[in-house]
Amino acid sequence: MAEPVENLAAAAGHTPPVEPMEHLVTEEDIRRGNQVRAKRGSDPRFLHFFAMLNGGLILTALAIVLFKTPNHFAFGGTSGVSVILSTLFPSQPVGTFMWIINIVLVVLGFIFLERKAILWSVFASFALSGYVSLFEIIFPGASSASITGDMWLDLCFAVILPAIGSAMVFDIGASTGGTDILAMILKRHSTLEIGRALLIVDIGIVCVAAVLYGPRVGLYCVLGLFAKTLVVDKAIESIHLRKVCTIICKEPLKVEKFIVTELNRTATISRGYGAFSGELVTVIMCVLSRREAVKLRRYAREVDPGCFITIVDSSEIVGKGFRGVN
């Protein structure tokens, strides 16, 4: 009969669990680590917030003017409706209809929502309309002819630029306005599933585009609608991406100290044993950024070339020191 694991571990002469983390670092290390953690978990300062918000809106506006409008890409949202209305009423550019639609949505927002709840959405709605109008002035011929002459290339950038812009805006806790205001109204005053309701609206816009511009443009709009959802999600995940690192090595004390003093992070320490050998091991688990994970992997291999390391991607971390997903 196989010998119990406890007996195997005892026979191996393993020492008790290592010292608690408090004994490995100084009070100064703990104080500095708490300061860094608080800074990481804090909301962005106003200038950073304002710059990121406008940067995301500018990328979205460029995509509307340079790639969506000349190809009649109506994927949904206020820009899709504006592209269609601009075709039905060619005397007015897309930017004009975006102003009209966003003004209507803002008025509805002030009627049905608390003002604090839509403050930045109102700003984003008007700012996006303003940037679209500005770029229509800067690029006067862009609305009538593609700058690349390649509809497939235009579709790629019509999806990628707004995706990056939306990811930047969502990362700071804001929105691009427009249909986001409609979504907040539906959430508060109805039992409709917001995602499904907005998707139905987007599909309706794509169907109208297919009737107006023909099956070729309509199929491109269908591709753009699905690609937009996937790329936006991936862009947001990429910004929030963190590395969950698990390390088993012969020098756990050194690795723990490196995590706290050099990376200004903390870790969870647990005890385990090998299922095959029965040997007691120290398991170190921590969550780091990409760059920090590379540093930790390099250091762990230096102190113990035979260490066991697993690094797993995670796009949603809830806890102190991880702003935007808490």
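Predicted model: local features only at pLDDT ≥ 70, side-chain atom pairs only at ≥ 80, totals over all residues.
User: What makes the backbone of Asn264 worth a remark on phi?

Analyst: Most residues other than glycine have a negative phi. Asn264 is not a glycine, yet its phi is positive, about 55°.

User: Where is His72, and what is its phi?

Analyst: His72 lies in the loop that runs between α3 (46–71) and α4 (77–88). Its phi is positive as well, about 60°, although His72 is not a glycine.

User: Why is the term for the accessibility of His72 "partly exposed"?

Analyst: The relative accessible area of His72 is 28%. Buried needs a value under 20% and exposed a value over 50%, with partly exposed in between. His72 therefore counts as partly exposed.

User: Which residues of α4 and α5 meet, and of what class are they?

Analyst: On the α4 side they include Val81, Val83 and Leu85. On the α5 side, Phe97, Met98 and Ile101 are among them. By class, the contact has 8 nonpolar and 5 polar residues, and no charged ones.

User: What makes β2 and β4 the edges of the sheet?

Analyst: The sheet is open and has 4 strands, in the order β2-β3-β1-β4, with antiparallel pairing. β2 (268–273) and β4 (308–314) each have a single partner strand, so one side of each has no neighbour in the sheet. From one strand to the next, the twist averages 20°.

User: How do you know that β1 and β3 pair?

Analyst: Two strands pair if there are at least two bridges between them. Strand β1 (residues 242–248) and strand β3 (residues 280–288) are joined by 6 bridges and run antiparallel. One example is Lys243, whose bridge partner in β3 is Leu288.

User: Which helix lies across these strands, and at what angle to β3?

Analyst: Helix α11 (residues 252–261) lies across β1, β2 and β3, and runs at about 15° to β3.

Technical notes
Residues numbered from 1 in each chain as written. Heavy atoms only, no water. Helix = DSSP H or I, 4+ residues; strand = E, 2+ residues; numbered from the N terminus. Axes fitted to C-alpha atoms, helices over the stretch in contact; angles between N-to-C directions. Contact = heavy atoms within 4.5 Å. Buried < 20%, exposed > 50% of the residue type's maximum accessible area, 1.4 Å probe, protein only. Nonpolar A, V, L, I, M, F, W, Y, C, P; charged D, E, K, R; others polar.
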